[in-house]
Amino acid sequence: AIGFINGEWIPVDQAVLPIDERGHNFGDGVYEVIRVYQGTPFKMREHLVRLEKSAEAILLTMNYSIDELEALIAEGLAKTGLQEASVYLQVTRGIAKRVHLFPDVPASTTMTIRPATDLPATVREKGVQVTLVEDERWKNCYIKSLNLLPNVVAKQKATDAGFYEAVFVRDGIVLEGSSCNVFLIKDGVLITPPANRFILHGITRATLLEIAKEIGVPMEEKEFGPDELLAADEAFLSSTSMEVLPIVEIDGKQIGAGIPGTISRDLHKNYRAKYQGIGV
Ligand code: PLP
């Protein structure tokens, strides 16, 4: 594993953050997580474009261009020699005395590159139980902001109650998990909530919609409520680290046959095919 802060490569456990870092004081920043398969970052450009959009949305000017970030990630990967890795990239409004108004200082960019931690095979094979919770987040969830308080609290409460993930519901509409998007399959149609301001526009989500088109699975981006989700034939979560993770139970109610569904498995197989061999 390796760390990076504003131009310098460091050990990940080195203490480097000044006390007046705005990411630390205000959560005033944005981030990305990129999965590296066989030494090659998957969908790197898409992630970096989203990072830049998130930064723009909070009026933050990044201190590295997308091309420079790509080069830095390559440099860090070469230093670690890691083939299967997870890149965490964070940009904040910099280091300045704690006042709310934006400081006139450069943004701060930090990164860690660590070995990827994959989900246990049994979790993938069995699928997961999730719970529906009220979405208490703000109305700009398309921004990948550092402010994850509602997300981390929802995840912890769900875990404490024996669930794998919390899925947010706002005004009767199912939106996304605390760190993933959500899909259902009904009568052969793949359905996921529209990419509006109430969800993060997942790179995995977009990739799966692309795959659905390629393999001829009809798909629809539309709003649905908890009843429609509970009545689904199949459901799954998607994210960079989860990839496609089947949901088999929601608040104790079985989904479909209570095992990962065939279309979900097929989508995941095709997702894997997209990254397998990208490094060769
Ligand atoms: N939704 C939320 C709230 C997330 O935090 C994430 C990823 O961490 C996702 C969705 C999935 O996004 P991606 O597929 O780009 O990893």
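Colleague: What makes the shell around the ligand four nonpolar, seven polar and two charged residues by class?

Modeller: Ala, Val, Leu, Ile, Met, Phe, Trp, Tyr, Cys and Pro count as nonpolar, Asp, Glu, Lys and Arg as charged, and the others, Gly among them, as polar, so the shell divides into four nonpolar, seven polar and two charged residues. This is a predicted model, in which local features need pLDDT of at least 70 and side-chain atom pairs count only at pLDDT 80 or more, while totals for chains, interfaces and linings use all residues. Residues are numbered from 1 along each chain as its sequence is written.

Colleague: How do you know which residues surround the ligand, and which are the closest?

Modeller: A residue is near a molecule if its C-beta atom, placed from the backbone, lies within 6 Å of it; 13 residues surround the ligand, and the closest are Leu-200, Gly-202, Ile-203, Thr-204 and Thr-240.

Colleague: Which helix gives the most to this shell?

Modeller: Helices (H or I, at least four residues) and strands (E, at least two) are DSSP runs numbered from the N terminus, and helix 6 gives the most, with three residues. Helix 6 (203–215) and strand 13 (234–239) each supply at least two residues.

Colleague: Why are domain 1 and domain 2 given these bounds?

Modeller: The bounds come from an automatic or database domain assignment, which gives domain 1 (2–115) and domain 2 (121–275). The contact between them takes 20 residues from domain 1 and eleven residues from domain 2, two residues being in contact if their C-beta atoms, placed from the backbone, lie within 7 Å. On the side of domain 1 that touches domain 2, the largest share, eight residues, comes from strand 3.
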